[in-house]
Amino acid sequence: MKRAIEPVRKSLLDVVRKNLRAAGKTTYITRVVYIGEYTGEYSDLEEKMGSIIRQLQEDYNYVIITGLLLVYPENYIHVLEASEDIIYRHFKALYSSENDSCKIGRSIFLPSFHHVHQRFFTEWHHVFTVPPTLIQKLESHKLEDIQMQMSTCFNKIYELCDHISNTVHDYAVPIKEVIRNINDKISRLYPESTLLEYLLNANNPAIMTVEKYLEIFSAVPFISLYSDKIWPPPHDMMFCDTSEKEDRPSVISAKNRHGSRRPTR
């Protein structure tokens, strides 16, 4: 009798590894953009963020952490490109770090991109600047208005990152020099401080804060399918037609009926 040979089956992990090898990567890269407020000197914020990034880079030496920290006098914008595990640990360290000279306030997410095809940066950088302001006030906190202003802020950040990346590529200038020499010619690409304050003060359940993100991903959900220790499960818990359910007794009722029956002599 000829022996049947079981074919080699591919798992989801095999497909993921194949795609990563084809792209020349070791893990998926997520680009997250978030804005926040802080109290203290801007140099303390830069040192705090840089210390967290350096520590994470030592722990994950096989994944390059890249991005740009744009620091304003009272607010900041952070573009971070790394794996999801690194991003989670970054946020956890950011809010658990005890540093009296720099306090991190409310921080919210802008739209993120998972499994990015190409990074904007080759390293992690930071720069301090004084942003422009808006003449008109942003007062409406309707969901569509918040969405429009968030899209405006997000597009400006991406245009700024794209300008830096293209300048490095086209003119073969070190990225540190490009970031250090950012001048007033591209100040239009900076999200205004008024815009950041508007988004940070917007109170809408559709806005995801970093604190809420940590709360969601730090908690392990408890799932209880059946409260009883009975197998097979009682008929009352199974999905069936109503008439059929009334005709057939449950396991518990049948058990009680047989248990209450006295033996005959």
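1. Helix α6 (residues 193–201) is mostly covered, with 7 of its 9 residues buried; buried means under 20% relative accessible area, exposed over 50%, and partly exposed in between, using a 1.4 Å probe and protein chains only. The buried residues of α6 are Ser193, Thr194, Leu195, Leu196, Tyr198, Leu199 and Leu200. Their cover includes β1 (30–40), β3, β4 (102–109) and α4. Helices (H or I, at least four residues) and strands (E, at least two) are DSSP runs, numbered from the N terminus.

2. Residues are numbered from 1 along each chain as its sequence is written, and side-chain values use heavy atoms, with hydrogens and water left out.

3. The average pLDDT (the predictor's confidence in each residue, from 0 to 100) is 82, and 80% of the residues score at least 70. Over residues 250–255 the pLDDT is below 50, and this stretch has 8 contacts in the model beyond near neighbours in sequence; a contact means heavy atoms within 4.5 Å. Where pLDDT is low, the predicted coordinates should not be read in detail.

4. On the overall make-up, the protein has 9 helices and 5 strands, which run α-β-α-β-β-α-β-β-α-α-α-α-α-α from the N terminus on. Of its 265 residues, 37% are buried. Among contacts with a separation of 6 or more, 80% are between residues 24 or more positions apart.

5. Glu192 sits in the loop between α5 (175–180) and α6. Glu192 is buried, at 10% relative accessible area. Leaving out residues up to four places away in sequence, Glu192 touches Pro132, Thr133, Leu134 and Lys156.

6. The whole structure holds 15 aromatic pairs. Rings of Phe, Tyr and Trp (its six-membered ring) pair if their centres lie within 6.5 Å; planes under 30 degrees apart count as stacked, over 60 as edge-to-face and the rest as tilted. The Tyr88 and Tyr213 rings are a tilted pair, because their planes stand at 55 degrees, with centres 6.5 Å apart. Tyr88 belongs to helix α3 (residues 84–96) and Tyr213 to helix α7 (residues 210–218), so the pair ties together parts 125 residues apart in sequence.

7. Tyr213 also forms a tilted pair with Phe217, at 4.6 Å centre to centre and 40 degrees between the planes. Both residues lie in helix α7, 4 residues apart, about one turn of the helix. Tyr213 is buried at 15% relative accessible area, whereas Phe217 is exposed at 54%. Tyr34, Tyr38, Tyr76, Tyr88, Phe91, Phe109, Tyr213 and Phe217 form one aromatic cluster.

8. The count of cavities of 30 Å³ or more is 1. A cavity is a set of points on a 1 Å grid over the protein atoms alone where a 1.4 Å probe fits but cannot get out, and lining residues have an atom within 4 Å of a point. Grid points are joined across faces, edges and corners, and a volume is the space filled by probe spheres set on the points.

9. The largest cavity has a volume of about 50 Å³ and is lined by Leu68, Leu70, Ile77, Val79, Ile157, Leu160, Cys161 and Pro191. Elements giving two or more residues to this lining are β2 (66–71), β3 (75–82) and α4 (143–171), and α4 has the largest share, 3 residues. The lining divides into 8 nonpolar, no polar and no charged residues; Ala, Val, Leu, Ile, Met, Phe, Trp, Tyr, Cys and Pro count as nonpolar, Asp, Glu, Lys and Arg as charged, and the others, Gly among them, as polar.

Terms used: On a 1 Å grid over the protein atoms alone, a cavity is a set of points where a 1.4 Å probe fits but cannot get out, and a pocket is an open set with protein on both sides within 12 Å along at least five of seven lines; lining residues have an atom within 4 Å of a point.
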